[in-house]
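Colleague: I have a new model on my screen and would like to learn how to read it. Could you take me through its features?

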Amino acid sequence: MDVEIGIQNVTRPVSFATDKSADEVSAAISEAVKNGEVVDLTDTKGRRIVIPGKAIGYAIVGSDTSHPVGFGALN
C-alpha cells in the first residue's frame, strides 16, 4: 500500500509503502486528525512514521498494487 501524507507548511510530502490495508491506514489517519493525536505507522522496511494529526494537510492512500521487476513487467 503506497501512502503519501502532506504536512502543513512543509514542501515535500512523506511518502512510504506499508503492509497495512487502505482501511487501516485511513482509519489511523482519520482518528489522529479528529482527536489531535499522532499517526503512528510502520513502513515495509520496519521504519516508524510518526506525524502529529494537527499537522496533516492531506493524505493519499494508494491501492494494493505489486511492483513487478524485470522484462516480464513490460506488458
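Modeller: Gladly. Let us begin with terms: helices (H or I, at least four residues) and strands (E, at least two) are DSSP runs, numbered from the N terminus. Two strands pair if DSSP finds at least two bridges between them. This is a predicted model, in which local features need pLDDT of at least 70 and side-chain atom pairs count only at pLDDT 80 or more, while totals for chains, interfaces and linings use all residues. Residues are numbered from 1 along each chain as its sequence is written, and side-chain values use heavy atoms, with hydrogens and water left out.

Colleague: Which residue takes a positive phi in the hairpin of β3 and β4?

Modeller: That is Gly46, with a phi near 90°; five residues lie between the two strands. Strands β3 (residues 38-42) and β4 (residues 48-52) run antiparallel and are joined by five bridges. One of the bridge partners to look up is Ile49 in β4, which faces Leu41 in this pairing.

Colleague: How many helices and strands does the protein chain have?

Modeller: There are one helix and five strands, and from the N terminus they follow the order β-β-α-β-β-β.

Colleague: What is the strand order in the open sheet of three strands?

Modeller: In general, strands of a sheet pair through backbone hydrogen bonds, either parallel or antiparallel. Here the order is β2-β1-β5, and the pairing is antiparallel. The edge strands, β2 (14-17) and β5 (56-61), each pair on one side only. Between β1 (residues 2-7) and β5 there are five bridges, and Ile7 has Ile56 of β5 as its bridge partner.

Colleague: Which strands does helix α1 touch?

Modeller: Contact means heavy atoms within 4.5 Å. Axes are lines fitted to C-alpha atoms, for helices over the stretch in contact, and angles run from 0 to 180 degrees between N-to-C directions. Helix α1 (residues 22-35) packs on the sheet and touches β1 and β5, its direction making about 170° with that of β5.

Colleague: Is Ile60 buried, exposed or partly exposed?

Modeller: Buried means under 20% relative accessible area, exposed over 50%, partly exposed in between (1.4 Å probe, protein chains only). Ile60 is partly exposed because its relative accessible area is 46%. This residue of β5 touches Asp2, Val3 and Glu4, leaving aside neighbours within four places in sequence. Val3 and Ile60 are 57 residues apart in sequence, yet 5.8 Å apart in space, C-alpha to C-alpha.

Colleague: And how much of the protein chain counts as buried?

Modeller: For the 75 residues, the figure is 23%.
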